[in-house]
Amino acid sequence: IEQGAFSVYYQPIMDARTGTFRSAEALLRLKHEKLGFIAPDEFIPMAEKNGSIIPIGEFVFEEVCKFLSTVSEEEYGLSYVEINLSTVQCMQRDLKERFAGIMRLYNVPARRVNLALTETAAIYSRDLLKLLMESFEDVGVRFMLDDYGTGFASLDYLIQYPFSVVKLDRELVWAMSEGKGLVALEHTVKMIKELRLEIIAEGVETKEQSECLKELGCDYLQGYYYAKPMPKEDF
């Protein structure tokens, strides 16, 4: 952080109903002066173990708020940015106060921030997580359940926690080329829609996948078919 090695990239998310980009996912990137780019799968688990994920997560949140403060929603059509929270961050009792302070500092409305959680956060801190989500909801921040379709208890989380959006895991999207995979995806989308939740499908790589997901009723589409993650200037 001190050396400026971290940066935030943005991957556009397509609105299936309008055919426009209305949101994006913020993705952390680390470029070491000697090693080059280091994958998040390598440095994030290490950061969670040694506790540095707390300042790193705050850095990402502040960078996104700083970015949103310079991007007019009316001019660019960017409604909100999706920011991933780690399990360790969810255990911080003052997280809402710190994040709310950053939003006030940059004059960013809560509706322009969407916090993404994986099932892992719920497994380790069920009661604390529910309190955290409810406190954020009070100020208008929405939550998304990430990587849906990879865990054993996802349905329970949709029922127990106040999520507004569900992101289908890319493995579930890629499996729809097979007969059973398509059936599973169809029923998954139908069930989530009947719970009155919005759906983002990630990992979209072909026109065929895109058209099929639209027909199934997915609200938003994300993947290399549309755009790769990119620096804020390119975004």
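Guide: A salt bridge is a side-chain nitrogen of Lys or Arg within 4 Å of a carboxyl oxygen of Asp or Glu. The model is predicted, so that local features need pLDDT of at least 70 and side-chain atom pairs count only at pLDDT 80 or more, while totals for chains, interfaces and linings use all residues. Residues are numbered from 1 along each chain as its sequence is written, and side-chain values use heavy atoms, with hydrogens and water left out.

Visitor: Are E25 and K167 buried or exposed?

Guide: Buried means under 20% relative accessible area, exposed over 50%, and partly exposed in between (1.4 Å probe, protein chains only). Both E25 and K167 are buried.

Visitor: Where is E63 placed, and which residue does its side chain meet in a salt bridge?

Guide: E63 belongs to helix α2, and its side chain meets that of K66 at 3.1 Å, N to O. The two are 3 residues apart in helix α2 (residues 53-70), and are therefore separated by about one helical turn. K66 counts as partly exposed, at 33% relative accessibility. Contact means heavy atoms within 4.5 Å; leaving aside neighbours within four places in sequence, E63 is in contact with V8 and Y10.

Visitor: With which residue does R112 form a salt bridge?

Guide: R112 pairs with E73, the closest N and O atoms being 4.0 Å apart. R112 lies in the loop between α5 (95-105) and β5 (113-117) and E73 in helix α3 (residues 73-76), so this pair ties together parts that are 39 residues apart in sequence. R112 counts as buried at 6% relative accessibility, whereas E73, at 21%, counts as partly exposed. Elsewhere, salt bridges that share partners join D15, R17, R22, R142, K193, E198 and D219 into one network.

Visitor: What is the nearest side chain of opposite charge to D169?

Guide: Lys and Arg count as positive and Asp and Glu as negative; His and the chain ends are not counted. For D169 that nearest side chain is R170, 5.4 Å away, and D169 is buried yet has no salt bridge. D169 lies in the loop between β7 and α9.

Visitor: What is the volume of the largest pocket?

Guide: On a 1 Å grid over the protein atoms alone, a pocket is an open set of points where a 1.4 Å probe fits, with protein on both sides within 12 Å along at least five of seven lines; lining residues have an atom within 4 Å of a point. Grid points are joined across faces, edges and corners, and a volume is the space filled by probe spheres set on the points. The largest pocket has about 1,200 Å³. Of its 40 lining residues, the closest to its centre are L27, P40, D41, I44 and N84.

Visitor: What is the volume of the second largest pocket, and which residues line it?

Guide: Its volume is about 160 Å³, and the lining consists of F21, F67, T70, V71, Y76, G77, L78, K232 and F235.

Technical notes:
Helix = DSSP H or I, 4+ residues; strand = E, 2+ residues; numbered from the N terminus.
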